[in-house]
Amino acid sequence: MRFSGKIAIVTGGASGIGEAFARRVHGEGGSVMIADLDAARGEVLAAELGERSAFRMVDVSDAEAMVALADETAARFGGLDILYNNAGIGNYGLTTDMPVEQWRRCLAVNLDAVFYGCRAAIPHMRSRGGGAIVNTASASGLAADYGFTAYNAAKAGVINYTRCLAIDHARDGIRANSVCPGPVDTPILTTGVDAFPGLRAEWEAIIPSKRFARADEIAAVAAFLASDDASGVTGAAIPVDGGLTAHTGQPDLRDRMAAAASA
Ligand SMILES: NC(=O)c1ccc[n+]([C@@H]2O[C@H](COP(=O)([O-])OP(=O)(O)OC[C@H]3O[C@@H](n4cnc5c(N)ncnc54)[C@H](O)[C@@H]3O)[C@@H](O)[C@H]2O)c1
């Protein structure tokens, strides 16, 4: 019951990683405000969780809506201890082909929204004497992917912005960390991947663990960072990627070396 008496907001809480986080925090005794654009799924989840949960339809790229979200959460549940900025959108496009509006939308949802959420939540956390911020960045914020121009830029921004939050607000008792998933079996990825025959197998083959993560595996790390178990952790960017970013990308020599040794 790590979250007993704690009050959390999770954006992108109607699906995937955010839904898994909402279930975990609620299951461990916390109150959770589920924020998402997807009202249908969000309402169903809040109804299923019942007491100590609520849903609010929010576009995270709307700065004023994020202020209203934080204020409503604090008024409804009696404060705000945890903000999980997790909503995000995928984006593919090379620099030379990308319309400015596409770049701006990707940055608005994946990066600007994290600032808007923190700006809205930190005053509430300060008045409680502290709090925890967790931001979903990505393995794609730690290194670059071919053709993921705006997404790579946004997620790298989330990682370094999180470090700024950590050092600026340590004196307020607020910790801030980012979680950096590799491929996760959720709609943001799989709707695109599964449209290309063979792509999933090719992708899984280059991950040392040889599989996509489950949403609850990412949520477990986010929950750790949000909890008092991580009281000494701030400014960290934690990969949860099955070893993807541990690898330089150079060829796998193991079978060749074994064959050469036995020849
Ligand atoms: N799935 C992956 O492979 C993967 C890998 C690395 C990082 N991530 C990141 O994880 C986070 C969560 O994604 P997921 O994998 O759970 O995908 P998902 O598609 O299951 O969930 C994303 C949720 O965000 C919501 N959302 C999108 N735009 C929004 C907006 N403007 N305002 C409010 N809500 C909005 C969607 O409605 C959806 O419920 C995202 O930030 C994503 O970039 C995902």
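Axes here are lines fitted to C-alpha atoms, for helices over the stretch in contact, with angles running from 0 to 180 degrees between N-to-C directions. Everything shown comes from a predicted model.

View 1. Helix α8, residues 215-226, packs on α1 at about 55°, and the two axes are 8 Å apart. Angles under 35 degrees count as roughly parallel and those from 65 to 115 as roughly perpendicular, and α1 and α8 are therefore oblique to each other. Their crossing is right-handed. From α1 come Gly16, Ile17, Ala20, Phe21 and Arg24, while α8 puts in Ala215, Asp216, Ile218, Ala219, Ala220, Ala222, Ala223 and Ala226. Sorted by class, this contact holds 10 nonpolar residues, one polar and two charged.

**View 2. Helix α1 also packs against helix α2.** Here α1 (residues 16-27) and α2 (residues 39-49) make an angle of about 15°, with 11 Å between their axes. That makes the pair roughly parallel. This crossing, too, is right-handed. Look for Glu19, Ala22, Arg23 and His26 on the α1 side, meeting Arg41, Leu45, Glu48 and Leu49 of α2. The contact divides into three nonpolar residues, one polar and four charged.

**View 3. Seven strands line up in an open sheet.** Read across, the order is β3-β2-β1-β4-β5-β6-β7, and the pairing is parallel. At the edges sit β3 (53-57) and β7 (237-240), each pairing on one side only. From one strand to the next, the twist averages 15°.

**View 4. A closer look at β5 and β6.** Strand β5 covers residues 131-136 and strand β6 covers 174-181; they pair in the parallel sense over six bridges.

View 5. Helix α2 lies across β2 (31-36) and β3, running at about 170° to β3. Helix α3, residues 63-77, packs on the sheet as well and touches β1 (7-11), β2, β3 and β4 (82-85). The direction of α3 makes about 155° with that of β2.

**View 6. Stepping back to the whole chain.** The protein chain has nine helices and seven strands. Its radius of gyration is 19 Å, close to the 18 Å the globule rule gives for 263 residues, so the chain is as compact as a globular protein of that length. Along the principal axes, the C-alpha trace spans about 70 × 40 × 40 Å.

How values were computed
Residues numbered from 1 in each chain as written. Predicted model: local features only at pLDDT ≥ 70, side-chain atom pairs only at ≥ 80, totals over all residues. Heavy atoms only, no water. Helix = DSSP H or I, 4+ residues; strand = E, 2+ residues; numbered from the N terminus. Parallel < 35°, antiparallel > 145°, perpendicular 65-115°, else oblique. Left-handed = near helix turned anticlockwise from the far one by under 90°. Contact = heavy atoms within 4.5 Å. Nonpolar A, V, L, I, M, F, W, Y, C, P; charged D, E, K, R; others polar. Pairing = 2+ DSSP bridges. Rg over C-alpha atoms; globule rule 2.2 N^0.38 Å.
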